[in-house]
Amino acid sequence: MKAINIEQPFAFEIMSGRKTIEIMNWDTLHRGDLLICSSRKPAFPREDMDEMEEDYGCTFLYGQALCVVRLADVRQMRKGDEEKALVDAFNPEGFSWLFENVRPVIPVPVKGRQGLFEVDDSLVALSPFGYDEPVAVKKGTRAKDLGIDFSGWHGRTSDIVIEDGEPRIRVMWDSLSLREIPLSVLKECEKEGIDWTGVLLRLHELEHAGPRDTWEDIQGTIESIVEENPDIFEE
């Protein structure tokens, strides 16, 4: 499979669907599937990258395959491409690479090179879940350290990471599931610096589901929980 190296955070922005155009200084005749890999070095200083991780609620992976996209077209940059490319300036000499049909993959280390390069198809395993996809937790899934049975909880998928040698997907709880978190758990998470708004789960612990709310509902619920419990969430 054809692959290309993209610096973080831009590789993550492509994988998450935020960035659907990448501006390059070169053209290509290739069309079709393209493996997006993250470069080993970030685009910005470490401090800035840490802030972006916090804003995006993710963990940037470096030197890894992240997703497969369909390279639909490559053409000269046009006025208006800036928004989909997440750039401020128009570059009339740049080439717009138009991405469609983003499919996250199980992260795997890739030794990148300049330009397009080949990656063995056998190394590319598509994730069963897309990014920001509604899911439900299967019956019998427990967080032993927190003493919670997550069976039936709902959320939306985020990034995939490798933990203890296996892929796990970050699930951000929806507003109804957030209300299921016991106050004792909120207190323990806040004390230990654990993010209570989501959890890392194994792929086989999840199943597809329909959405029950919006991101606005989720954000509003998080804010309400914090406001209702000033003894837990001290400023």
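Q: Is Glu47 buried or exposed in this predicted model?
A: In this predicted model, Glu47 is found in helix H2, which spans residues 46–56. The relative accessible area of Glu47 is 58%. Since the exposed class begins over 50%, Glu47 is exposed.

Q: Which residues gather with Glu47 in a patch of negative charge on the surface?
A: A patch takes in residues with over 30% relative accessible area and no salt bridge. Glu47 has a relative accessible area of 58%. The residues that gather with Glu47 in this surface patch of negative charge are Asp48, Glu51, Glu54 and Asp55.

Q: How many disulfides does a search of the whole structure find?
A: A disulfide requires two cysteine sulfur atoms within 2.5 Å. The sulfur of Cys37 lies 8.8 Å from the closest cysteine sulfur, that of Cys67, which is too far for a bond. Cys58 is likewise in no disulfide, as the nearest cysteine sulfur, in Cys67, is 13 Å away. For the whole structure, the search finds 0 disulfides.

Q: Is Cys58 buried or exposed?
A: Buried residues have under 20% relative accessible area. Cys58 has a relative accessibility of 7%. Cys58 therefore counts as buried.

Q: What is the relative accessible area of Cys37?
A: Cys37 is classed as buried, a term for residues under 20%. The relative accessible area of Cys37 is 0%.

Q: How far apart in space are Gly80 and Pro211, C-alpha to C-alpha?
A: Gly80 sits in the loop between strand E4 (64–76) and helix H3 (81–85), and counts as partly exposed at 48% relative accessibility. In sequence, Gly80 and Pro211 are 131 residues apart. In space, their C-alpha to C-alpha separation is 32 Å.

Definitions and conventions
Residues are numbered from 1 along each chain as its sequence is written. This is a predicted model: local features need pLDDT of at least 70, side-chain atom pairs count only at pLDDT 80 or more; totals for chains, interfaces and linings use all residues. Side-chain values use heavy atoms; hydrogens and water are left out. Patches are made of residues with over 30% relative accessible area and no salt bridge: like charges are joined within 9 Å, nonpolar side chains (Val, Leu, Ile, Met, Phe, Trp, Tyr) within 5 Å. Accessible areas come from the Shrake-Rupley method with a 1.4 Å probe; for residues, only the protein chains shown count as cover. A salt bridge is a side-chain nitrogen of Lys or Arg within 4 Å of a carboxyl oxygen of Asp or Glu. Lys and Arg count as positive and Asp and Glu as negative; His and the chain ends are not counted. The place of a charge is taken as NZ of Lys, CZ of Arg, CG of Asp or CD of Glu. Helices (H or I, at least four residues) and strands (E, at least two) are DSSP runs, numbered from the N terminus. Buried means under 20% relative accessible area, exposed over 50%, partly exposed in between (1.4 Å probe, protein chains only).
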